[in-house]
Amino acid sequence: SEYLEGPSEKLRVCVATCNRADYSKLAPIMSGIKSHPEDFELEVVVLGSHLIDDYGNTFRMIEQDDFDIGSKLHTIVRGEDEAAMVESVGLALVKLPDVIQRLKPDILVVHGDRFDALALATAAALMNIRILHLEGGEVSGTIDDSIRHAISKLAHYHACCTRMAEQHLIAMCEDHSRILLAGCPSYDKLLLSHHREDYMDIIKSWLDDKVQEGDYIVALQHPVTTNIQHSIKIYGLMLDALISFNKKTLILFPNIDAGSKEMVRVMRRKGIEQHPNFRAVKHIPFEQFIQLVSHAGCMIGNSSCGVREAGAFGTPVINLGTRQTGRETGENVLHVRDADTHNKIYHALELQFGKRYPCSKIYGDGNAVPRILKFLRSIDLDEPLQKTFCFPPVKDPISQDIDHILETQSALAVDLGGTNLRVAIVCMRGTIVKKYSQPNPKTFEARMELILKMCNDAMRDAVGLNCRILGVGVSTGGRVNPQDGVVLHSTKLIQEWSSVDLRTPISDALHLPVWVDNDGNCAALAERKFGHGKGVENFVTVITGTGIGGGIIHHNELVHGSTFCAAELGHIMVSLEGPECMCGSRGCIEAYASGMALQREAKKLHDEDLLKVEGMDMKLSEPITAAHLISAAKMGNSKADAVLTKAATALGVGIINILHIVNPSQVILSGVLASYYQAPVQHVISQRALFSVQNIKVVTSDLEEPALLGAASMVLDYATRRIY
């Protein structure tokens, strides 16, 4: 024999069949088992819709095929709705234990994704019977997917049809050594029998004498149990399209799923059974059905036969709706997933009818049964019955410890400024537990290396400080895409910092989630969580430091804009001419009111010897800064005062523009110049803004480290999933 030598004792194989569709797959295997009596003992259990008159009493065809039926179980509760399906599963579970105890099979063979098959697999698994599941790992849409995968989880062995199904089973943690890629057993019969000489007699007996090969349609549509109303609508549209298309049509009644009764009503309402073009039938023996499908001009509906068997003959297929979504198909299938109009289905019929496609062997090459028999022979009954799953490797769990419980949930905050690179451990209450600072390197490589080194140091220290780091938040100058964690392009203060993916290297090195945003947005987030913005739905933060930036919170969310350029508050223009700005334009607020702008003006006055005032304690050797300008103005220097008035007016006008556009309920000034600007800006608003926004308060931030706290707040909010 070409097969492996099996054990001396025969293997008792119980094959359970529930309906005409699964029998077409199981029959070839049953024949194979029966033809090797030296190796196998076959028991046949019949249940489900095989035993129901309305579905053609299809158990008779099993008897005609000369199989002894060991047990017939009436398990269907009529009603064809969801509750009836559930009751049917329950009834099967009540009746099966007796049968299984009596037969004591070594292995139960069960097929597919029907609710009856789920009852079979449940009963066998609980009674310690090994299960071989056919056609696991496939994806089709509908509740069938869930049932099929559930049976795969209960089954000990798998014979699947396609390579993709095999991959799915492996991905579902099934043991590779117990999966056989067999192909579909029905193809063994298909590929043998579809060249029958008498096919025209079969076609004529089911349709009529005048029908020609390739000039008729086979229609078979079942309900989608997860959306019954939609199924009924599509069924009606299909029937209307078939009536208008005016070709001879063989239509099979739907299967027993919930919704089938309503579908039959639609059929009767449209007079299909009396219509001269239609022949409506409850059941056709599989061999004859194959002849009818292989020579049809087209097959329409949502039966798996359309996406599977029909491909072997290149018969054109129109698949309606979602019932087979996800199944692998040959090029012969045209999907009408959204079958919402009669016209769409009619057009599909025009495109497909009468075409011919290359034969597809995705589902099998005709040798599935010998492979399955060889697989059955190889089963070692002495192996433990307990199923083992092959889970992907995971890290060892850390067991719970009192220190673990007492740890403070914290974030690692990183602030990339023009001068310094700073990292801090920030706890849930907004306390900075420890802070680290280094000069910000000038090159990209050195900067990334330093960020990772400082983060690693902080992570090590966090353990000793009893802080549990939940993630890393990064605040950086420039324009940032926070969704991808990428700095798109930076300010002139930070060189070599454009198109930089910060998330990936930090996340890979620290194994933590990483959030990135620009410093202005982080300042706004810090206010939202820890500062004046707490509980305020709409507010704006303006940073007045070396440059000018900020963030807008609208309905409790940051506004990023379509190209992540929202809240570039420093570049609101307040003059058509005005001084040059670092951004290359003129008249921006930043060119008037930033620390750099004030320093520039201070130097000008100093160069003209106009900065000194009587009693001003200033060494000329010091670098001149904005602080000198402010102290000169305080001491009565009118030139310095004029510069500051102009700066405050420019900032005030910019803020009025913001008030008129987003209408926040509060403006928070942050940064080193905030306390200086607060009163003059409020004054400009009261003079120049629309009456309805004149009362909006401008307040000074109380936060020491807005950039670090904002970076931390991203982690503390998102890592604990308080805010989505």
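1. Start with alanine 567. In this predicted model, alanine 567 is buried, with a relative accessible area of 10%. The cut-off for buried is under 20%, so alanine 567 qualifies. Its backbone deserves a look too. Alanine 567 has a positive phi of about 65°, although it is not a glycine. Find it in the loop between E24 and H19.

2. Compare glutamate 496. Here too phi is positive, about 50°, and the residue is not a glycine. Glutamate 496 sits in the loop between strand E19 (486–489) and strand E20 (500–501).

3. Now the annotated site. UniProt, in an unreviewed entry, lists His571, Cys581, Cys583 and Cys588 under "binding site". These residues span 18 residues in sequence, yet no two of their C-alpha atoms are more than 8.8 Å apart, so they gather at one spot. The lining of the largest pocket includes two of them, His571 and Cys583. Note that the annotation comes from the UniProt record, and that such annotations may be inferred rather than shown by experiment.

4. Take cysteine 583. It lies in the loop between strand E24 (557–558) and helix H19 (589–593). At 43% relative accessibility, cysteine 583 counts as partly exposed. Leave aside its neighbours within four places in sequence. Cysteine 583 is then in contact with His571 and Cys588.

5. Cysteine 588 lies in the loop between E24 and H19. Its relative accessible area is 0%, so cysteine 588 is buried. What does cysteine 588 touch, not counting residues up to four places away in sequence? The answer is Gly570, His571, Ile572, Met573, Cys581 and Cys583.

6. Do not draw disulfides here. A search of the whole structure finds zero. Cysteine 581 is in no disulfide; the nearest cysteine sulfur belongs to cysteine 583, 3.7 Å away. For cysteine 588, the nearest cysteine sulfur is again that of cysteine 583, at 3.8 Å, and cysteine 588 is in no disulfide. The cut-off for a disulfide is sulfur atoms within 2.5 Å. Cysteine 581 also counts as buried, at 8% relative accessibility.

7. Next, a pair of strands. Strand E2 (residues 40–47) and strand E3 (residues 69–73) run parallel, joined by four bridges. Leucine 47 stands opposite leucine 73 in E3. How does the chain cross from E2 to E3? It goes through helix H2 (residues 59–64), and this β-α-β crossover is right-handed.

8. Helix H7 (residues 185–193) has several buried residues: Pro185, Ser186, Tyr187, Asp188, Leu190 and Ser193. What covers the buried residues of H7? The cover includes helix H1 (20–34), strand E5 (130–134), helix H11 (286–294) and helix H14 (368–377).

9. Last, asparagine 255. It is in the loop between strand E9 (248–252) and helix H10 (260–269). Asparagine 255 is buried, with a relative accessible area of 14%. Beyond its neighbours within four places in sequence, asparagine 255 is in contact with Tyr55, Arg114, His222, Pro223, Ser260 and Arg323. Trace these contacts in the structure: they include Ser260, a residue of helix H10 (260–269).

Key:
Residues numbered from 1 in each chain as written. Predicted model: local features only at pLDDT ≥ 70, side-chain atom pairs only at ≥ 80, totals over all residues. Heavy atoms only, no water. 1 Å grid on protein atoms, 1.4 Å probe; cavity = no way out; pocket = protein on both sides within 12 Å on 5 of 7 lines; lining within 4 Å. Helix = DSSP H or I, 4+ residues; strand = E, 2+ residues; numbered from the N terminus. Buried < 20%, exposed > 50% of the residue type's maximum accessible area, 1.4 Å probe, protein only. Contact = heavy atoms within 4.5 Å. Pairing = 2+ DSSP bridges. Right-handed = clockwise from strand over helix to strand, strands pointing away.
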